[in-house]
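This report describes selected side-chain features of a single model. The sequence and structure come before the discussion.

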Amino acid sequence: QVQLVESGGGLVQTGGSLRLSCAASGRTLSIYRMGWFRQAPGKEREFVAAISWSDNSTYYGDSVKDRFTVSRDNAKNTVYLQMNSLKPEDTAVYYCAASKIPVSRVALPTLRTYEHWGHGTQITVSS
């Protein structure tokens, strides 16, 4: 099993920045890719970003492209999400996810392709 714990959430003003962390533990050698998703009240969970653990290739949702950056620290088994130029519409609970299954690039945003999930961390962007 893989356990995921997110941290770094909080309240920030429009235009501000935050960095989320997701620490993985357990059978981390089985992880092939990790992703970030978010869910705002009354909305479906939305893909934010993903990173491959084999080659560090990254992939972003259209709404966060050029503002958010996903990265990883191999030694710490930790994935980060640097969020810049935050907007009120970025307000949501952010979830970290992991999978041991490689998929095509177009499938990276698909929730059901991730087997492991964290409990989420709240991000609130005030206007």
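A contact here means that heavy atoms lie within 4.5 Å. In this model, which is predicted, glycine 120 touches Glu6, Val93, Tyr94 and Tyr95, when residues up to four places away in sequence are not counted. Glycine 120 itself is placed in the loop between strand S10 (116–117) and strand S11 (121–126). Its relative accessible area is 26%, and glycine 120 is therefore partly exposed, since the class between buried and exposed begins where the buried limit of under 20% ends. Valine 79, by comparison, is 41 residues from glycine 120 in sequence, and the two C-alpha atoms are 14 Å apart in space.

**The disulfide**

The count of disulfides comes to one, and this link joins cysteine 22 to cysteine 96 with an S to S distance of 2.0 Å. It connects distant parts of the chain, with cysteine 22 in strand S3 (residues 18–26) and cysteine 96 in strand S9 (residues 92–99), 74 residues apart. The angle about the S-S bond is -80 degrees, and the link of cysteine 22 and cysteine 96 is left-handed. Both cysteine 22 and cysteine 96 are buried.

| Pair | Centre to centre | Angle between planes | Arrangement |
|---|---|---|---|
| Phenylalanine 37 and tyrosine 114 | 5.2 Å | 80 degrees | edge-to-face |
| Phenylalanine 47 and tyrosine 59 | 5.7 Å | 35 degrees | tilted |

Phenylalanine 37 belongs to strand S4 (residues 33–39), whereas tyrosine 114 is found in the loop between S9 and S10, so that their pairing ties together parts of the chain 77 residues apart in sequence. Phenylalanine 37 and tyrosine 114 are both buried.

In the other tabulated pair, phenylalanine 47 lies in strand S5 (residues 46–52) and tyrosine 59 in strand S6 (residues 58–60), so the parts tied together are twelve residues apart in sequence. Phenylalanine 47 counts as buried because its relative accessibility is 9%, while tyrosine 59, with a relative accessible area of 23%, is partly exposed.

Definitions and conventions: Residues are numbered from 1 along each chain as its sequence is written. This is a predicted model: local features need pLDDT of at least 70, side-chain atom pairs count only at pLDDT 80 or more; totals for chains, interfaces and linings use all residues. Side-chain values use heavy atoms; hydrogens and water are left out. Helices (H or I, at least four residues) and strands (E, at least two) are DSSP runs, numbered from the N terminus. Buried means under 20% relative accessible area, exposed over 50%, partly exposed in between (1.4 Å probe, protein chains only). A disulfide is a pair of cysteine sulfur atoms within 2.5 Å. Rings of Phe, Tyr and Trp (its six-membered ring) pair if their centres lie within 6.5 Å; planes under 30 degrees apart count as stacked, over 60 as edge-to-face and the rest as tilted.
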